[in-house]
Amino acid sequence: MSTPEKPTGPARLMSPLGFALGMAAGLALLAWKGREVAAHDWHAGFTRFHPMISPEAMYEPTVDEMCSIVRARCRPDQVLVVIGGNSILLGVGQPADKMWTRQLQDNLGDRYAVVNLAFRGAAPNDAGAVVAEALRNEFPRQIYVANEIPFQSGSPIGIETYRFALLDAYFKGRLLPWKPRDRAISSYLRATDYRDFGVMDLEVGAKLDSWLYFHNFWNWISYNYHFTFGTPLMPHAPEAFWPRSRFEDKENDFDSIPFETRFTPQVVATDLNIARSYTAAFYRQNRDKSWTREADALDSFLRSARAEFPDPLKRRTLILVGRNNPYYTKQLEPEIQARDELAIADTLGALESLGYGAVGYGRDFSEEDFGDRSHLTTSGGAKLAAIVASKLEAMAGELNYIKP
Amino acid sequence: MIFTTYWFHVFAVVVVAAYWLLWRQGLRIWFLALACLVFHYHFAGPAGMAPIIILMIVTYAAGRSRRRWACNTAMGLCVGTLCLYKYAVFLIGAVVGPLDQGLAGHLSQSAVSLLPALPPLGISFFVFEFVHYLFEVRRGGEPIKSPLKFLVFCIFFPSLVAGPIKRYPQFLASLDQGSRQFEFMNIASGMFRIAVGFFKKIVIADNLNFYVTTNFPDFESLGLGERWAFLAALSFRILMDFSGYSDIAIGAAQLLGVRLPENFNWPYFAGSIRDFWQRWHISLSSWIRDYVYIPLGGNRLGLGRRVLNGLISFAVIGLWHGPAWNFVLWGLYHGAGLAACSTYSAVPVAGPLLRKVLQKEPLIGWVSTQLFVWLGWLLFFYPAPVAWNMATLLFTQ
């Protein structure tokens, strides 16, 4: 630069050293604030991650933030029950005041604290699982609950949408060493398409955040003061820029939506097909109409389910395996219904053989208990809560969390 | 966007700090070259880097030879490589398509299967800078002797992805002087410029982008005022996005003591199309002027050739933005606008009258220029029939 610009205005008063120190101090202050804010729960009245505080509205809660949510809701003398999994366990279709996890809390009583950290479309080992694992020493008496469908378990690193939580915890050293997961993370971060800057950058971003805590800071600003950009769920100003704390949990209430609206002919046709093929890939039919499991179905499931959670955490992990709405299953041939039952029994058995707690639900549920093919209404949620509470109490006893 | 990656921030902090901690200027230049190679490798990968390195070696060798034929051959190779990677399928469709559809389809398929899905990172900028270098050397300019400085000129990381398009004499002079000693004000003003760029890009452009994307499907059902608001958002989005990017590039270069050419100068204050093109993407428009318009004859061969040369130059500007007809049309639209702007006063009676009016009421010139430019963005962003329909809707209830 031929002639450096002469400082003008306040810059005249600035010395290089002062500038550098100011920059360093500013950064340090922001990093401290990022760390400090997440030490407190800012989600007053939290019941679950409704859409406006979820990734679908560009809000990605940090692991620190979710840990604070848990800390604020679980006393050290309580058994912590973290609910993970997908929209079924999130309680989609149940209003916040009638959520199945509220019922579960009532069923379990004060010795337990239930915190719902499920997200739409999440895998069993996504965000909620990461938080529970990160809190394993702080809350050693904990049970993690998630759901799966028969013979299907996810990748050791969950799904892409919720990987922000996994990488957040991983690079802050909050997770147990677990080879299948460590290998999968490494391969995910190294499988670089040179134009996929987003994936290339995840590792650097997560490592930087582990020092500077800027995600906590911005989430705190976004939740409490000001959101900085429009999202598909809230595209228009000024609402798009409102702090996320202003948005209430407004999940649909299936009970207030007429049956005909939920079960249109098109929806029914699609969901019936899904119900018919629910377990079709894993069994072949014999001449006498009985079913034989496909050769690799069980091994393949065992392999992936084994890798899904670290070994030391399997015993305190409860996996729920659900059935479809009887509105659909009743329309299926008896042998297909039998195949589904067989698949659920085989899946539960396989999970238990790996050390997980496992329980099925939906057998004695009625059509009114489902809002669609798989999500539950308030009455279905209450039935699920009863099944889960009983299983959790049994597991808590086996794990010596609670003396009978 | 490379500048919004965490990697870039970490890289920039480490490189700038290490650069100024080195105690000799020579060491700084070596270090900068190494850092630029690392940057290019990180974002382009080996496959994206290889063609650029080859072109760089050819350009350097041709420049050093100072032979006219060598420079011409190297320019041909550079332009050919750009056409191959970026425009092959488009050119096959445009040139072979009208003659033989089947052959065009076959050739396009072959090109797609042979070429990478995306052209090498920043190839348009590289090629434009190589052509500039070769052109200047061919007409007697001093070639860069030091391979190291040539390397730094070619892959100087702040301007690698989105310019501004550099000129080597100014760049090297700035590098030589700016890398000599640490100047605090370069750091302070560079960081300020970067902050302004990020504000424009992230706070303004990204939100406008969201507004535009969300409202585009419903454009027809928007009210008249909302349609004009959409057009304003579209126009400010591209300005804020691109000028924000340029600000970051210029600011990052400033941290290293290097001054890059300015790319934008309040283009929406322009009072005529000519004025607009002296304020918008300045490094590209001046490149096109120097290496396309003037070599074609510029305004030296009469009114007809002047208009034709302008149209060709603007078609190239359009095509530079991407291999699609709407970019070409956008370029021709501006070429026609510029032709009208620079020739209207020759029209008997009406021309001088209009000139007087515009001189007396500059606001009229400004409004008509901005209207022309903003409507042009529809052509830039959307296929011509869609753009035409949207433009029509701006003037009907």
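Q: What should I know about the numbering and the model before I start?
A: Residues are numbered from 1 along each chain as its sequence is written, and chains are lettered from A in the order in which they are written. Because the model is predicted, local features need pLDDT of at least 70 and side-chain atom pairs count only at pLDDT 80 or more, while totals for chains use all residues, and side-chain values use heavy atoms, without hydrogens and water.

Q: How are two packed helices described, and at what angle do helix 5 and helix 6 of chain B pack?
A: Two packed helices are described by the angle between their axes and the distance between the axes.

Q: Is B:Arg167 buried or exposed, and which side chain does the side chain of B:Arg167 meet in a polar contact?
A: Buried means under 20% relative accessible area, with a 1.4 Å probe and protein chains only; B:Arg167, with 18%, is therefore buried. B:Arg167 lies in the loop between helix 6 (147-155) and helix 7 (168-178) of chain B, and its side chain makes a polar contact (N or O atoms within 3.5 Å, one able to donate a hydrogen and the other to accept it) with the side chain of B:Asp290, at 2.9 Å. Residues that B:Arg167 touches include B:His132 and B:Phe153.

Terms used: Helices (H or I, at least four residues) and strands (E, at least two) are DSSP runs, numbered from the N terminus. Buried means under 20% relative accessible area, exposed over 50%, partly exposed in between (1.4 Å probe, protein chains only). Contact means heavy atoms within 4.5 Å. Lists of a residue's contacts leave out its neighbours within four places in sequence.
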